[in-house]
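Open the model in a viewer and keep the selection tool ready.

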Amino acid sequence: MSKVIVVTGTASGLGKATVERFAAEGWGVVATVRKDADLKVHDGLENVRTSLLDVDDESAAESFAQEALKQFGRVDALVNNAGSYQMGPVEATSMAQVHRQFQTNVFGLIALTRAFLPLLREQRSGVVVNVSSLSAEQGYPYNAVYSASKAAVATFSEGLSMEVEEFGVRVRTVLPGQHATAIFSKIDQAADVPEDYRDGMKRFFGGVSTQGSAPEVTAEVVYQAVLDPRPGQVRFYSGPDSAAIPTAKRILGPQQYWEEFREAMAGRPSALWRSLIPAPGEYAFDRDV
Ligand SMILES: NC(=O)c1ccc[n+]([C@@H]2O[C@H](COP(=O)([O-])OP(=O)(O)OC[C@H]3O[C@@H](n4cnc5c(N)ncnc54)[C@H](OP(=O)(O)O)[C@@H]3O)[C@@H](O)[C@H]2O)c1
C-alpha cells in the first residue's frame with residue numbers, strides 16, 4: 001500500500017506545491033484547507049482527500065487525527081505547513097496580534113503534532129515536518145514576533161526529535177527562504193505605527209527583495225526531508241537565501257555574521273554579505289506594506 005501524508009494549509013503556496021509533489025510520487029495525501037471555497041483546490045489530483053481544518057482550533061486536533069487516519073487507513077507523515085505572517089514594529093503590534101501569530105504558527109502546530117504522536121509512536125515509524133523560516137536563524141526587524149514564532153517551531157522540532165527518535169519517529173524542520181506566495185498579500189500588520197519608526201522601516205523595506213523562490217523549491221525539500229533516513233538531521237533549508245545561511249555562519253562566525261546581518265537589514269549590505277547570501281529567487285510578488 002502506498003504511503004500517506006497529511007499536509008496542513010494547502011490552499012496555496014508551499015502547502016499546495018507539497019500536496020502536488022507527494023501526489024505525483026503516488027502517495028495518498030490528506031490535505032487541509034480552512035475555507036469551504038478551497039475544498040476543490042486539489043480536484044483532479046489522484047489520491048488527495050481535502051478536509052477543513054483551522055489549526056487555531058486546538059480542540060479539533062485529536063478528532064482530525066482520527067479522521068485523517070480513516071481516509072486511507074494509515075498515516076506515515078505529517079507536514080505542519082499552515083502559517084500566517086504578522087509584521088510591523090513590536091510597539092505597534094497589539095497583544096491580540098501576538099497571540100494570533102503564536103496560536104497559528106506555534107500552538108496550533110504543537111497541538112496537531114501531539115494529536116498524531118500516539119499513532120506514530122505506536123506504529124514505530126513516521127515523520128513530522130514542521131515548516132519554520134529562515135527568520136528562525138536570526139530575528140528580523142519589524143518581523144520580531146513572526147521570527148520568534150518560527151524560532152519556536154525550529155527549536156520545538158529539535159527537542160521533539162530526540163524524544164521520539166527511539167520510537168522510529170523522525171522530526172524535521174524546514175526553513176524556507178523568501179518564496180513568492182500569497183502570504184505577503186495577507187499580512188496581519190501593526191496599526192498606528194509611531195512616526196519615529198518610519199525612517200528605520202524605510203531603510204529596511206528599501207533593502208528587502210520582493211522576489212522569491214517558486215513554492216516547488218520548498219516542496220522538493222519537504223519531500224527529501226521526509227525520505228531522509230537520518231534521525232539526527234533536523235534542519236533542512238530551502239531556497240538559495242536560506243540554504244546559504246549555515247555556510248555564511250561557519251565562514252563568518254556568530255559575531256561577524258550578526259554584524260553583517262545588522263548592516264544588511266539597515267539597507268547597507270557589504271560586498272562580503274552579498275557574496276555569501278544570494279538573492280531569494282526570480283519570481284516577483286506583491287507585498288501589502
Ligand atoms: N512565503 C515565504 O516567503 C515563506 C518563508 C518562510 C516560511 N514560510 C512559511 O511557509 C508556510 C506556508 O506559507 P506560504 O508562503 O505558502 O503562504 P500561503 O500561500 O498563504 O499559505 C499558507 C497556508 O496556511 C493556511 N493557514 C493560515 N492560517 C491558518 C489556520 N489558522 N488554519 C489553517 N490554515 C491556515 C492558509 O490558508 P488561507 O489560504 O485560508 O489563508 C494557506 O493555505 C507558512 O508556515 C509560512 O510561515 C513562508
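Select helices α2 (residues 61-72) and α3 (residues 95-123), whose axes come within 8 Å and cross at roughly 50 degrees. Helices (H or I, at least four residues) and strands (E, at least two) are DSSP runs, numbered from the N terminus. Axes are lines fitted to C-alpha atoms, for helices over the stretch in contact, and angles run from 0 to 180 degrees between N-to-C directions. The model is predicted: local features need pLDDT of at least 70 and side-chain atom pairs count only at pLDDT 80 or more, while totals for chains, interfaces and linings use all residues. Residue numbers start from 1 along each chain as its sequence is written.

Next, show the contact between these helices. Ala61, Glu62, Phe64, Ala65 and Leu69 of α2 meet Ala111, Leu112, Arg114, Ala115, Phe116 and Leu119 of α3 (in contact: C-beta atoms, placed from the backbone, within 7 Å).

Now select the sheet. It is open, with seven strands in the order β3-β2-β1-β4-β6-β7-β10 and parallel pairing (two strands pair if DSSP finds at least two bridges between them). β3 (48-52) and β10 (235-238) are the edge strands, each pairing on one side only. From one strand to the next the twist averages 20 degrees. Helix α2 packs on this sheet, where α2 touches β1 (4-7), β2 (28-33) and β3.

Within the sheet, pick β6 (residues 126-131) and β7 (residues 169-176), which are joined by six bridges. Valine 128 has valine 171 in β7 as its bridge partner.

Finish at the ligand. Of the 30 residues around the ligand, Gly9, Gly13, Gly83, Thr181 and Ile183 come nearest (near: C-beta atom, placed from the backbone, within 6 Å).

Conventions:
Two residues are in contact if their C-beta atoms, placed from the backbone, lie within 7 Å.
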